[in-house]
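Trainee: I have not looked at this structure before. Please show me how to read a few of its features.

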Amino acid sequence: MKDGLAKARPSPQAAALDREIYRILFENMDDGFCVIEFLDGPHGPLSDYVHVLANSAYERNTGIPNVVGQYLREMVPDEADDWIAFYGKVLRTGEPIRFRNELVVTGRHLEVSAFRLGTFEDRLVAVLFKDVTERVDAESALHQLNETLEQRVADALAQRELAESALRQAQKMEAVGQLTGGLAHDFNNLLAGITGAFEMIARRLEQGRTADVERYLAAGLGAAHRAAALTHRLLAFSRRQTLSPRTTEANRLLVDFAELVRRTVGPQIAVEVRTNPALWAALVDANQLENALLNLCINARDAMPDGGRLAIETDNVTLDEASATERGLPPGDYVTITVSDTGVGIPEEDLDRVFEPFFTTKPTGRGTGLGLSMVYGFARQSDGIVRIRSRPGEGTQVRIYLPRHEGPAEVPRETGVHEPQPELPGATVLVVDDEPTVRMMMVDALDLIGVECLEAHDGPAALAMLERHPGIDLLVTDVGLPGGLNGRQVADEARRRRSDLGVLFVTGYADSVILQRDTMEPGIDILTKPFTIEDLQSRVAVLLCARGGPGRPETGPNAA
């Protein structure tokens, strides 16, 4: 047994070799290594330690040279308590620890492993560590990035929305710009008809000849109505708010729209309108539909610089499962509106991109690349789709699919057909408008149906009138008023005082979000200038009848 033990004992040469191997490893390892010995000091038992052993990697990882023989409280007096706490626990418990801590004096972040050597009485702790400052900085940067990413994304999306909104508005104004030449000519013609009719009426009255007055009145009113239609169309193209969809019959919409297109594209392009007489109704925003169709017609015009044929067609289509899936729509009934031209066509490689925002095949300065993307967005928002077919040299066909709507279409009242309005004796209406001529006309029109009218020229005067006359049944007010209070503010204050007070807003430019909201409130309506006398009387009668009460009819406006 003793011989066996003797054989197991290493020779001095082997022991020396082992020590050399450990020394080489100790000096060439990447991680820092040291042995510390705890000491008692002025701060108490085991309140300091001295470095008794360290490799050359110690300096590389900590930035502190010649550490052997240095006392902790002399090296890093401000950080000594933290390091004593870490390693003191290892010494007392004998349990190894791993942690990460910053060596503030050199700005290094260290990843540390520490374990006790021997017993507690030996007071020795071995420390293995490495510099992870770059990793900590990267993690901190990533953490900061994550914290701000959501806000930066939100800011970026908000800026993108603002830019897209501005570009959409620019596209609408570009469409208006395409119209201005023809519209100026038309407005001048209409104004000539209006002023000429009034002059002829004046001459006939001077001469005492009233036989022809009615003919001139009809001519002047007809021209004024056509001018109003053009104005409303311009407003529809230029206003920025989202308009409410309504039950719309596209065939009726195309009657006036076709004339607008003919003026826009010019005489060198023949415009054909082919409609299905049994066309279904669709639930869409008629103004946005017109805007979309106008963009398509302008594109068609630009594709036919030497003239050609532009066709607008409507039809009913029923899509089965396969056809609907191929178009990305639910199966069912759809109204289709197709705009086709005989122009230059679109290359096949561009067809997949034509609905992308900002993509355009037009020369620089001729388009923003937003026309078709706006048409696509309108169709999708209306629960439909838009499809395009084109071949170079053979023209282009763009078809809008809109879901069928079962509700009745809005039927416009024929111009010149006057329905009798009820007499409203005992009703009192406050009329507010800063234009004396318009105010006079409204007062006189309401006087014809027995309504007593009070007048105000601005917001403050209107509120003062409401204060003096608590029996006012209805407020009829222009939206844009001088005096620091607009029509909306006047109505708000009036309804704050009397919640049952009816309000009829009269405006020449219905672009306000507040008016769109008010149309949903009971007892409030909107009348857009220019309007007919009959429209004014009818709206006032409906609002007054809805209130009922003494001196006011209990039934609808057609009860008489």
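Trainee: Which residue caps the N-terminal end of H15?

Mentor: Bear in mind that this is a predicted model. To find a cap, look for a side-chain oxygen by a backbone nitrogen at the helix end, as with Asn486, which caps the N-terminal end of H15. Its side-chain oxygen lies 3.0 Å from the backbone nitrogen of Arg488. In H15 itself, which covers residues 487–497, the buried residues include Gly487, Arg488 and Val490.

Trainee: Which residue caps the N-terminal end of H9?

Mentor: Asp285 does, with a side-chain oxygen 3.1 Å from the backbone nitrogen of Gln288.

Trainee: What span does H9 reach from its first C-alpha to its last?

Mentor: Compare the span with the one expected at 1.5 Å a residue. H9, residues 286–302, has 17 residues and reaches 24 Å, close to the expected 24 Å.

Trainee: Why is H9 described as largely enclosed by the rest of the structure?

Mentor: Buried means under 20% relative accessible area. Of the 17 residues of H9, 15 are buried, so the helix is largely enclosed.

Trainee: In what order do the strands of the open sheet lie?

Mentor: The 5 strands run S14-S13-S15-S16-S17, with parallel pairing. At the edges are S14 (452–456) and S17 (524–528), each pairing on one side only. From one strand to the next, the twist averages 20 degrees.

Trainee: How many bridges join S15 to S16?

Mentor: There are 5 bridges between S15 (residues 474–478) and S16 (residues 502–507), and the two strands run parallel. Opposite Phe505 in S16 stands Thr477.

How values were computed:
Residues are numbered from 1 along each chain as its sequence is written. This is a predicted model: local features need pLDDT of at least 70, side-chain atom pairs count only at pLDDT 80 or more; totals for chains, interfaces and linings use all residues. Side-chain values use heavy atoms; hydrogens and water are left out. Helices (H or I, at least four residues) and strands (E, at least two) are DSSP runs, numbered from the N terminus. The expected span of a helix is 1.5 Å times one less than its number of residues. Buried means under 20% relative accessible area, exposed over 50%, partly exposed in between (1.4 Å probe, protein chains only). A polar contact is a pair of N or O atoms within 3.5 Å; within protein, one must be able to donate a hydrogen and the other to accept it, and residues adjacent in sequence count only if both atoms are side-chain atoms. Two strands pair if DSSP finds at least two bridges between them. Axes are lines fitted to C-alpha atoms, for helices over the stretch in contact, and angles run from 0 to 180 degrees between N-to-C directions.
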